[in-house]
Amino acid sequence: MPSRIRAAWTVAAAPAVAAALLTAPATAAGPDWSARPAAGGTAGPGAGDRPYFYLEGGPGSALQDWLSIVNRGKRPRTVQLRPADSTPDAASTARGSGAWISLAAKRVTVPARTRADVPFTLTVPAETPPGDHPGTIVVTGGGRDIRVPVHLRVSGRALAAISVEDVKVVKAGGGAAIHYALVNRGNTVLTPRLAVRADGLFGEVLRRDARTLPVELAPGRRARLTEKWPDAPALDSVDVTLTVTAAGGAHAAGSAGYTAVPWGVLAGAAALALGAVAGGGAWLLRWRRGRHRPEDGDAPAEPVREAREAREPAGSGSGARQ
């Protein structure tokens with residue numbers, strides 16, 4: 001680790017410097033200690049308290065910032081620090097920035113009623129594509145973890161794109177549930193908005209205006225979600241359409257069909273079908289038997305002719321010569 005980073009951490013962690021900083025608010029506060037971005041860092045939404053790190057640079061750049069750990073307790077507090085990707089989803093193709101973060105220290109002991117500022121460097125690989133590459137710094141101590149987000153924007157042309165996949169409508173209790181997946185196909189972090197519409201045999205049966213979903217999609221990430229539909233029709237055939245939009249012009253739609261038939265109707269139809277099959281079979285059997293049964297008073301034609309010829313003498317027919 002470069003000596004300038006070690007020296008910076010030593011100065012920032014000195015009690016004389018940190019003792020006056022205990023009044024600063026924390027992003028994630030615990031019983032006696034907290035961790036957050038240092039106030040007035042190299043970048044961020046404000047010069048004071050920041051809810052997360054925001055760093056921006058091109059491929060190959062080295063970006064620096066500071067993490068503050070505040071110990072409000074009466075005893076020294078030792079914590080562990082490690083970087084991580086904020087997209088651990090195995091289905092995600094995004095390149096998180098966790099592996100690019102180098103902390104000045106992985107273990108810090110903060111004296112009582114003191115704040116320690118730990119510097120770190122984020123080095124963007126030269127081949128990194130433009131867009132958002134989220135990461136996080138995890139601070140562990142006292143049996144709990146605090147995750148401090150790191151939002152990295154690699155400069156370049158931004159592309160916002162999303163897809164709606166695997167739409168399926170299934171019966172759920174007295175209604176239905178709409179299952180679907182959203183995939184971020186661009187290079188920017190998206191907060192999607194969803195609108196839902198369903199059309200049945202006799203017109204529209206569901207309309208929900210666009211609303212923001214409680215999910216943040218990093219580039220390449222897939223999220224499986226469910227939309228509840230408690231008042232779905234009990235007897236109808238509907239087409240459900242999901243329309244998703246996001247900042248930057250992202251737009252996509254997906255649809256699925258759903259046929260709702262009550263069990264009573266199915267049971268009645270099945271009974272009618274079985275009855276029809278049984279009745280038809282009995283009728284066919286009677287019909288076939290009737291075809292091969294001679295009517296009363298009728299004799300088979302061939303035995304009658306043979307008996308008549310046997311009674312007549314030879315040559316007595318109408319065509320016999322005198």
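Asp 166 belongs to strand β12, which spans residues 162–172; strands here are DSSP runs of E of at least two residues, numbered from the N terminus. The model is predicted, so local features need pLDDT of at least 70 and side-chain atom pairs count only at pLDDT 80 or more, while totals for chains, interfaces and linings use all residues. Residues are numbered from 1 along each chain as its sequence is written, and side-chain values use heavy atoms, with hydrogens and water left out.

**Positive phi angles**

Asp 166 is not a glycine, yet its phi is positive, near 55°. Arg 113, likewise not a glycine, has a positive phi of about 50°. Arg 113 is located in the loop that links β7 (107–110) to β8 (114–123). Both residues are listed below with their accessibility; partly exposed denotes the range between buried (under 20% relative accessible area) and exposed (over 50%), computed with a 1.4 Å probe on protein chains only.

| Residue | Phi | Relative accessibility |
|---|---|---|
| Arg 113 | about 50° | 49%, partly exposed |
| Asp 166 | near 55° | 45%, partly exposed |

**The sheet containing β12**

Strand β12 is part of an open sheet of three strands, ordered β12-β13-β16, with antiparallel pairing; two strands pair if DSSP finds at least two bridges between them. At the edges stand β12 and β16 (222–229), each pairing on one side only. From one strand to the next, the twist averages 20°, with axes fitted as lines to C-alpha atoms and angles running from 0 to 180 degrees between N-to-C directions. Eight antiparallel bridges connect β13 (residues 175–184) with β16. Tyr 180 has Leu 225 of β16 as its bridge partner.

**The largest pocket**

A pocket is an open set of points on a 1 Å grid over the protein atoms alone, where a 1.4 Å probe fits and protein lies on both sides within 12 Å along at least five of seven lines; lining residues have an atom within 4 Å of a point. The largest pocket holds about 360 Å³ of space. Its lining comprises 19 residues, and the closest to the centre are Ser 86, Pro 134, His 151, Val 189 and Glu 216. Strands β10 (135–141) and β11 (144–154) each contribute at least two lining residues, and β11 gives the most, with five. By class, seven lining residues are nonpolar, seven polar and five charged. In this scheme Ala, Val, Leu, Ile, Met, Phe, Trp, Tyr, Cys and Pro count as nonpolar, Asp, Glu, Lys and Arg as charged, and the others, Gly among them, as polar.

Notes: Points joined across faces, edges and corners; volume = space filled by probe spheres on them. Helix = DSSP H or I, 4+ residues; strand = E, 2+ residues; numbered from the N terminus.
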